[in-house]
Amino acid sequence: MGKADMNKRPDDVAGMFDGVAKHYDRTNTVLSAGNAVLWRAATVRAIAPAAGERILDIASGTGTSSAALHRNGARVVGLDFSTGMVEQARKRHKKIEFVQGDAEQLPFGDNEFDAVTISFGLRNINDPRAALSEMFRVLKPGGRLVITEFSKPPVAIVRAGYFTYLNRVMPIIADRTSSNPEAYTYLAESIREWPDQGELSQWIRAAGFTRVAYRNLTAGIVAMHRGHKPVDETVLASVAKRKDLATRPIKTIRTPKTPKDATPKP
């Protein structure tokens, strides 16, 4: 299984998250040793939501991240592929709009949002690069993107300890705190297969974003990536042309077959 092409069947992933929705936040708090709250706070600061802005929170889960953005007066739309997650979010946060939808085909028009964010959800998408293109499409020119995702600690000894935790400790904790421990086996596998900070940055640039940068959190166990949709119309036109060329089918030129009994000319 290649890093860039993890085989994730959308229905299977959605069903898995349906099964953990009820106790999802509690399990995440335990598994992250309380760091989930710090990661969320860092993400909110990076997004810098302002009153009146429209913000799309993809893979919004039970709505905890959407609620953190909503507190500053922004109009937040939470989107998740899992029916169970959306149901839990609507019960807990009645003033926020939650939509069930596919990040690879966002149910929104072009240039609708001031900011788009996704936390710990990009690696669960079957085609994350298609999702990045969709995020670019729905952002307004000048809009900002913030992605917070598990990553690869750059220091070898930290990386080794982290993967030992994923392989040996996390399954034990998940078995005691989660309603679906098998889902956290998938979690560990998806983290191991996920690209490092540099490769994900390349994906974000390829989607058309500029001013792409990342910041490591908790020694690189998590990385927060940022980018902006260009304002300049010339740059936007160049991005659109490049994407159009990349998606066009390749035309092949067929060489006419030579009859078997034909004799070559001298």
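Which side chain meets that of Arg137 in a salt bridge at 2.8 Å, N to O? Select Arg137 and Glu134, and you have the pair: their side chains meet in that salt bridge. Keep in mind throughout that this is a predicted model.

**Stop 1: around Arg137**

Both Arg137 and Glu134 belong to helix α6, where they sit three residues apart, about one turn of the helix. Colour them by burial if you like: Glu134 is buried, at 13% relative accessible area, while Arg137 is partly exposed at 21%.

With Asp110, Glu134 and Arg137 all showing, you are looking at a network of salt bridges. As a rule, side chains of opposite charge can pair when their charged atoms come close.

**Stop 2: from strand to strand**

Next, pick Lys140 and Asp114. Their side chains meet in a salt bridge of 3.3 Å, N to O. Lys140 is in strand β5 and Asp114 in strand β4, so here the pair ties together parts that are 26 residues apart in sequence. Lys140 is partly exposed, with 31% relative accessibility, but Asp114 is buried at 17%. How many salt bridges are there in the whole structure? A search finds six.

**Stop 3: the rings**

Time for the aromatics. The structure holds seven aromatic pairs. Select Phe120 and Phe150: the ring centres are 4.8 Å apart and the planes are at 45°, so this pair is tilted. Phe120 sits in the loop between β4 (113–119) and α6 (128–138), and Phe150 is in strand β5 (residues 139–150), so the two tie together parts that are 30 residues apart in sequence. Phe150 is buried, at 15% relative accessible area. Bring in Trp39 as well, and you have one aromatic cluster made of Trp39, Phe120 and Phe150.

Then jump to Phe136 and Phe209. What is the angle between the planes of this pair? It is 85°, with 5.2 Å centre to centre, and the pair is edge-to-face. Phe136 belongs to helix α6, and Phe209 to the loop between α9 (197–206) and β6 (210–217), so this pair ties together parts that are 73 residues apart in sequence.

**Stop 4: charges over rings**

Stay on Phe136 and show Lys229. The charged end of Lys229 sits over the ring of Phe136, 5.0 Å from the ring's centre. For another example, select Arg129 and Trp203: here the charged end of Arg129 sits over the Trp203 ring, 4.7 Å from its centre.

**Stop 5: a glycine in a loop**

Now find Gly73, in the loop between α4 (64–70) and β2 (75–80). Is Gly73 buried or partly exposed? It is partly exposed, with a relative accessible area of 38%. Leaving aside neighbours within four places in sequence, Gly73 is in contact with Ala50, Ala51 and Gly52.

**Stop 6**

Val158 is part of helix α7 (residues 156–177) and counts as partly exposed, at 31% relative accessibility.

**Last stop: zoom out**

Clear the selections and switch to a cartoon view. The protein has 10 helices and seven strands. Of its 266 residues, 48% are buried. The accessible surface comes to about 14200 Å², and carbon and sulfur atoms account for 54% of that. Among contacts with a separation of 6 or more, 69% join residues 24 or more positions apart.

Methods:
Residues are numbered from 1 along each chain as its sequence is written. This is a predicted model: local features need pLDDT of at least 70, side-chain atom pairs count only at pLDDT 80 or more; totals for chains, interfaces and linings use all residues. Side-chain values use heavy atoms; hydrogens and water are left out. Helices (H or I, at least four residues) and strands (E, at least two) are DSSP runs, numbered from the N terminus. Buried means under 20% relative accessible area, exposed over 50%, partly exposed in between (1.4 Å probe, protein chains only). Contact means heavy atoms within 4.5 Å. Accessible areas come from the Shrake-Rupley method with a 1.4 Å probe; for residues, only the protein chains shown count as cover. Rings of Phe, Tyr and Trp (its six-membered ring) pair if their centres lie within 6.5 Å; planes under 30 degrees apart count as stacked, over 60 as edge-to-face and the rest as tilted. A charge sits over a ring if NZ of Lys or CZ of Arg is within 6 Å of the ring centre and within 35 degrees of the ring normal. A salt bridge is a side-chain nitrogen of Lys or Arg within 4 Å of a carboxyl oxygen of Asp or Glu.
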